[in-house]
Structures are given as structure tokens and as C-alpha cells.
Amino acid sequence: MDWTKQIGRYIVVMFLQVLLFNRLQLAGVCHPYVYILCLLMMPATLPHSVDLLLGAVAGLIMDVFCNSLGIHMAACTLIMLLRPFMLGQMVNDIERLNAEISTHTLGIDAMAKYTSLLVVIHHMTVFLLASWSWTHIGFALVETAVSSLVSIALILGYNFVKYR
Amino acid sequence: MQTLLKILARYSNFLVFLFLEVVAFLLIAYYNPYPRSSMLSTANRLVAWEYETADEIGSYITLRQVNAHLAEENARLRNLLAGDSSFNAVYHSAKVVQMTNDKQRNYLTVNRGARDSVYHGMGVRNADGVVGIIRTVGEHYSIVQPLINTASRLSCRFAKNDYIGTLEWDGKNNRYARLADIATHVEVAVGDTIVTSGLSPAFPEGIPVGVITDCKRNPGDSYYTIQVQLSTDYNRLKYVELISNNNRSEIEELNHGLD
């Protein structure tokens with residue numbers, strides 16, 4: 001797998017995230033974090049601890065752009081911890097994980113499950129940490145639901161376009 | 001010893017995870033009240049520049065120049081008008097480079113920094129009224145904590161009499177805030193104007209804050225629940241003015257003497 005391509009995509013996705021998706025305003029409940037598609041689709045060839053570090057760094061960079069130091073870092077590290085276990089559940093043939101994780105390698109059903117679960121976990125962590133109080137928990141959950149739906153649709157949509 | 005090493009090797013990934021999460025939570029605990037570091041926030045030159053450039057691309061350049069010119073002229077005229085000698089204010093115009101207005105803790109980044117003699121705690125207003133207070137100062141950019149941040153508190157008073165209350169935001173609608181600490185013996189009417197009290201060193205007295213749109217008196221409570229529509233519309237904020245208090249050092253010295 002070509003890592004320069006992965007990094008190139010990360011830069012493009014971050015630009016779109018910061019300049020487009022961070023500016024979406026739908027009653028304050030729609031904040032899709034599409035940048036995690038780079039973490040989700042990254043080939044699973046690296047040691048787990050390196051995966052965790054990459055997640056932390058990607059989260060930290062996002063935090064600098066959002067003035068929310070630590071929040072995205074915590075969420076990204078968490079999904080990178082769960083990622084190998086999720087992949088292990090879905091794929092019997094380890095060889096396939098050397099390629100990019102996508103609808104092509106996992107199949108549509110498994111990829112949809114994998115993406116949905118990790119996106120929801122990531123978004124819920126971010127919004128709960130950002131609200132930082134029990135009084136806003138209802139709002140944080142609505143935010144999680146709406147934003148996750150949009151993020152999942154965008155990530156899977158990207159897969160369909162790329163591996164049509 | 002060997003068993004211990006084996007256990008460590010076995011759970012090394014989990015230990016890495018724990019370490020990273022602890023770092024993340026320390027960062028949250030330390031930075032969540034407001035962005036302290038001008039490097040690791042939107043006051044970072046590179047980050048702010050990215051926002052600013054993107055903003056330029058999407059707009060009419062000539063219109064922007066006209067706006068900037070008008071904003072500067074506004075600041076200059078306000079300087080001429082600033083007659084309140086107890087405050088001795090100087091206005092500088094600034095452009096909003098980045099902002100959020102639909103979160104709990106909102107911030108906006110403006111294109112003035114330490115080299116334009118911006119300092120921590122400076123007041124920020126626009127043509128309509130109070131915007132917020134400077135929180136983090138970078139070399140070229142600064143971060144403003146606006147009224148629409150759940151951590152913000154502003155001392156205000158009624159324009160018609162001198163009763164003083166505290167303005168806070170509940171994190172819901174960015175057009176409305178709450179005025180607390182107004183006792184029920186005060187006469188309050190819908191439509192009353194709220195202005196800055198002049199008690200904080202950030203703002204001179206009398207800058208518009210908002211207009212009362214709702215006023216409730218709960219049985220058994222000796223304070224009103226007052227809803228205020230903010231003068232500043234954060235949904236279309238482009239230019240602001242930073243208020244520099246020339247008597248600041250003297251005030252700080254006096255306060256320091258009290259500690």
C-alpha cells in the first residue's frame with residue numbers, strides 16, 4: 001500500500017473538514033467529522049501501538065483547528081484501540097487487511113457495520129466531552145445521532161465512488 | 001521480574017492507549033476552560049492563515065476592501081467620540097478570521113495580535129454592541145471569547161437606572177442570553193435596554209449589550225429570570241473593534257495592591 005497516497009488524502013480531507021464541514025450550520029446539531037475516514041480506511045499493516053499514536057496525532061491536529069485541545073485526541077485514540085478487534089471480527093483472511101480497508105476489501109455489509117460503529121463511538125466521545133456536563137447530555141446525544149448519520153453517509157459514499 | 005516483563009509486553013498496546021488517553025484528558029482539563037496556548041489553537045499563525053485565505057477566496061475582494069475601510073473609519077470616529085476620561089479608550093479595527101457560534105464553548109479568531117499591542121482581557125465590540133473579551137494572544141492573531149460561550153460572564157446594568165446584573169449564556173440559542181442577579185423589587189419591563197456597567201476594565205460604561213425580551217418572576221424566588229436578546233448577531237459577524245484601555249496599568253496596579 002502506498003503511504004504517500006494515504007498522507008495526500010489526509011491533507012485533502014483535512015482541508016475539506018476545516019473549510020467545509022466545520023462550517024456547516026444546521027440548527028447547531030450537525031458537525032460531521034469526516035476526517036476520521038483516513039484513520040478508518042488506513043491499511044491494518046502497522047503495529048497496533050503505531051496505529052494508536054497516529055490516531056492521537058490526527059486527533060490533536062484536529063483539536064488545534066477546533067480550539068478543543070484533547071477532545072478529538074481522546075476520541076481518535078479510542079477508535080484506534082477498537083479498530084483491530086472490529087476488523088478481526090469481520091475478516092478471517094488476514095492477508096486482505098494489507099490493502100486499504102474499504103467496501104472493496106471488507107464487502108459492503110461489513111464495511112457499513114465497521115464504519116457505523118466506530119463513527120458513532122468517535123462522535124459520541126467528542127460531543128460528550130465537549131459538553132462536559134450532564135445537563136446538556138440530551139443535546140449531545142441528538143448531536144451524535146445527526147452528525148454520525150451524515151459522517152457515515154459521506155464516508156460510505158466516498159467508498160462507493162472510489163470502488164464502483 | 002520475568003513474569004512482570006511478560007505481562008508488560010503482553011499489554012503494551014493497552015498501556016500505550018492508556019498513556020495517550022491520560023495525556024488527552026490532561027489537555028482537556030487544562031485547556032478546556034479556554035485555549036491558553038497561542039501555538040496549539042486557532043491563534044496559531046498557520047492555522048489562522050488557512051482560515052483567512054479560504055475566506056478571501058470565497059468573497060468579493062473589492063467589497064472586502066470597502067468593508068475594511070469602513071471598519072477602520074468607524075474605529076477612528078469612535079476614538080474621536082471616546083470622551084469618557086475615566087476609561088481613556090482607544091479603538092482598533094480587526095477582522096474575524098474564524099468563528100464558531102453553534103457550540104457550547106464558542107471562540108472567534110481575529111487578525112490582530114501581540115505586534116498590534118493586543119493584550120489579554122481586552123474588550124471587543126462591533127457597531128451593534130459588545131462581542132467578547134480577548135482570551136489568547138498570538139503574534140499575529142488572537143482568540144476572543146464571545147458572550148456566547150458558557151464560561152462567559154459580563155457585568156451589565158439597565159440603561160434607565162443603575163441596577164447591576166450578570167449576563168450569562170446557557171448554550172442554547174446564540175441570539176439570547178440570561179441576565180441574573182436582578183432582585184424582584186427592581187422594575188423591569190420588556191424592551192428595556194441593557195448596557196455594560198463599566199465595572200470591568202475591559203469595557204467602558206454604556207456599550208449596548210441587548211434588549212429584554214422576556215421577564216419571569218418565579219414564586220418564592222427573590223430574583224427575576226430575564227431573557228435578553230443580544231445586540232450582536234453572531235451569525236453575521238465580520239468586523240470588530242478592540243478596545244484598549246489606556247488606564248489599564250494603573251487599574252492593575254491598584255488591584256495588585258489589594259491582593
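**Exercise 1.** How many disulfides does a search of the whole structure find over all chains?

*Solution.* The model is a predicted one, in which local features need pLDDT of at least 70 and side-chain atom pairs count only at pLDDT 80 or more, while totals for chains, interfaces and linings use all residues. Residues are numbered from 1 along each chain as its sequence is written, chains are lettered from A and ligands numbered from 1 in the order in which they are written, and side-chain values use heavy atoms, with hydrogens and water left out.

Start with the criterion, which is that a disulfide is a pair of cysteine sulfur atoms within 2.5 Å. Searching over all chains with this rule gives 0 disulfides. Next, take B:Cys156, which is in no disulfide, since the nearest cysteine sulfur, that of B:Cys215, is 15 Å away. From the other end, the sulfur of B:Cys215 has its closest cysteine sulfur in B:Cys156, and 15 Å is too far for a bond.

**Exercise 2.** Describe the interface of chain B and chain A.

*Solution.* First count the residues: 31 of chain B are in contact with 32 of chain A, where contact means heavy atoms within 4.5 Å. Then take the area, for chain B and chain A bury about 2,900 Å² between them, with 65% of it on carbon and sulfur atoms; buried area is the accessible area (1.4 Å probe) that two parts lose on being put together, summed over both. On the side of chain B that touches chain A, helix H2 (12-31) and helix H3 (45-57) of chain B each supply at least two residues, and the largest share, 12 residues, comes from H2(B). Helices here are DSSP runs (H or I, at least four residues), numbered from the N terminus.
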